[in-house]
Amino acid sequence: MTNQGYYLPGLYVSEGSIPVPLDWAGSEPGVWRAEDNADQAVLRCFYRVVCAPEHLNDDLPLLVYLQGGPGYGAPRPLSAVADGWMAEALRHFRIVLPDQRGTGRSSAIDGTTMAALEEPRAQADYLKYFLADSIIRDFEHLRRTVFAGRPWVALGQSFGGYLTLAYLSNFPQGLAAAFTAGGVPHIPTDAYELFSHTFTKMAQRSRAFYQRYPRDQDRVAAIADRLAQGDVVLPGGDPLSVERLQTLGVDLGKSGGFERLHWLLDTAFLDGDGSLPASGASSSRATLSQTFLEGVRAATSVSPLYWPLQEFIYADGDCGPLHWAGQRVRDARPEFDTADRPLMFTGEAIFPWMFEQESALRPFGPAVSLLMEEGSWGHLYDPDRLADNQVPLQAVVYADDLYVPSELQLDTLSRVGHAHAWVTNEFEHDGLHGDRVFAHLYRLALERGDLEGLFPARG
């Protein structure tokens, strides 16, 4: 049910939520009804619909935005121009912003939820319901019930692109067209293969960072030497280990990431010139500033579901256990050892220590450990259906993508019907949030005729 709308700068917003089953097994989106399944556990699927005020009464096509992540809710727009893709999309579409289950206002999960379940097995079984196979069924149910079954256009950013390919595999009739930005999964999925590529790219990106900011190589080494003493604590009480310091590299694949890291490191030490220990002082005894420690805490604290679910987005069907694929790749790469210099940064990968050292993640630890031994998952991708795909798919593939390697994306796209790739090295992984990427994707699809018939009321 949709509530009364309201205005933001340049936007008209309405919102609502619908019930969905925790477990979609044996149920069909659009047919399932909560009142007929009183014995089932039920979640809420929350959504917002935004449009430009001048188009409030226009019959615009629908664009559903599939958020990156995993574990993040849909954008909370500040204005019509705050996010680059949205400014362009509002000219042509009514935008649907659903919160993925477990996030935002869709039955959100955090450590409190895990603690309430008490038993690790129950926690692990519960978490498995918050992955792509369930998410796309929630959204297809939303489309069929709230939006009268009208096909919509999907825009998938990063993990949202993984959802898009899963949507095309399971409910292609629900999509009139699709766009992805830095988010085409390699099919068949293989977490170890993925991390083998991304760790290579992280080593390259770390060296590029030190080449751009040479003094930071010594600065990072001095910080790591200090952290190796094992007595540095972040605001909030979590220990700051060298491993956690290395995870600052997760930002190096985004626009401005090099500079954000550089300026964070600039505040590290209280003595000396504020960036390195005073001359002759031992870095193992140097004092790290509270400004730096707070910056590290903020930069390495993410949505409660992001790290617990991150590796499992690469699990599809009977793929076998993941066995901490990211950690296994790291263990095979000695240059990522905490004692090696220059210190390499790590990217988008989870490690066992996270669920021991980080208080926000600790409640998820036993469940994640159990899930690492799981061998059977929901079926996401259908290679045969994707090969015969008739839904126009326009992807932007970032040539230097740190998180979703371009070579793997292009291999998948070569085996998807009606798929087109715009390959560019002009943008980082978050390029969609600028003002050029979606406008170009839209123009490419329009010129190709992929959006024909979407705008009957406007000629």
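Buried means under 20% relative accessible area, exposed means over 50%, and partly exposed lies in between (1.4 Å probe, protein chains only). The model is predicted: local features need pLDDT of at least 70, side-chain atom pairs count only at pLDDT 80 or more, and totals for chains, interfaces and linings use all residues. Residues are numbered from 1 along each chain as its sequence is written, and side-chain values use heavy atoms, with hydrogens and water left out.

**Exercise 1.** State what share of the residues in the protein chain is buried.

*Solution.* Take the 459 residues of the protein chain. Buried residues make up 58% of them.

**Exercise 2.** Locate the domains of the protein chain and describe how they meet.

*Solution.* Read the bounds, which come from an automatic or database domain assignment. Domain 1 is 6–187 + 381–448. Domain 2 is 191–376. Then find the separation: their C-alpha centres lie 29 Å apart. Finally, look at contacts (heavy atoms within 4.5 Å). Here 33 residues of domain 1 touch 34 residues of domain 2.

**Exercise 3.** Find how many contacts in the protein chain, as a percentage, join residues at least 24 apart.

*Solution.* Keep contacts between residues at least 6 apart in sequence. Of these, 78% join residues at least 24 apart.
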